[in-house]
Amino acid sequence: MSDWHDVRERMREFALGFPESHEDHPWGETVIKVNKKIFLFLGLDGPTEKWSPHFGVKLRSEAHGHALTVDGAAPSGYGLGKAGWVTVPFQAELPETEVLLDWVEESYRAIAPKRAVKLLDGEA
């Protein structure tokens, strides 16, 4: 999946498969939420003069450090970086898509209510 659009769409579809997740478009950007909380920022559908393709996830532990090793990745702005959010450019040399999907799941688990995580884990 070398085209960033394909990677973005795979992440979007994966995130929408989680319990209680849904897509929203605040600020004209695509985000995936659980309840009313964002767990995946996907940005705009294409680059503009002021926006380059990137995604944002909330990570902990070694995944956070790993994400920051991607060329151009940085703690997210607006104070989100202090809470573990990382912004990663789609057009950088990214890890395998499966790793990106792991990051999406970790972000979901960090944001989702316990009942939704239990549904994800197959618990009643």
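At roughly what angle do the axes of helix α1 and helix α3 cross? In this predicted model, for which local features need pLDDT of at least 70, side-chain atom pairs count only at pLDDT 80 or more, and totals for chains, interfaces and linings use all residues, the axes of α1 (residues 4-16) and α3 (residues 97-111) come within 10 Å and cross at roughly 40 degrees. Residues are numbered from 1 along each chain as its sequence is written, and side-chain values use heavy atoms, with hydrogens and water left out.

Axes are lines fitted to C-alpha atoms, for helices over the stretch in contact, and angles run from 0 to 180 degrees between N-to-C directions. The two helices α1 and α3 are therefore oblique to each other; angles under 35 degrees count as roughly parallel, over 145 as roughly antiparallel, 65 to 115 as roughly perpendicular and the rest as oblique. The crossing of α1 past α3 is right-handed, a term applied if the near helix is turned clockwise from the far one by less than a right angle. On the α1 side, the contact (heavy atoms within 4.5 Å) is made by Val7, Arg10, Met11, Phe14 and Ala15, and on the α3 side by Thr97, Glu98, Leu100, Leu101, Val104 and Glu105. Seven nonpolar, one polar and three charged residues form this contact, where Ala, Val, Leu, Ile, Met, Phe, Trp, Tyr, Cys and Pro count as nonpolar, Asp, Glu, Lys and Arg as charged, and the others, Gly among them, as polar.

The chain contains four helices and six strands, assigned as DSSP runs (helices H or I, at least four residues; strands E, at least two) and numbered from the N terminus. The order of the elements from the N terminus is α-β-β-β-β-α-β-β-α-α. The C-alpha trace spans about 45 × 30 × 30 Å along its principal axes. Of contacts between residues at least 6 apart in sequence, 52% join residues at least 24 apart.

Buried residues account for 43% of the 124 residues in the chain, with buried meaning under 20% relative accessible area, exposed over 50% and partly exposed in between (1.4 Å probe, protein chains only). Phe39, located in strand β3 (residues 37-43), is buried at 0% relative accessibility. Its C-alpha atom is separated by 21 Å from that of Gln91, 52 residues apart along the chain. Thr69, by contrast, lies in the loop between α2 (61-68) and β5 (74-75) and is exposed, with a relative accessible area of 60%. Thr69 and Glu13 are 56 residues apart in sequence and 25 Å apart in space, C-alpha to C-alpha.
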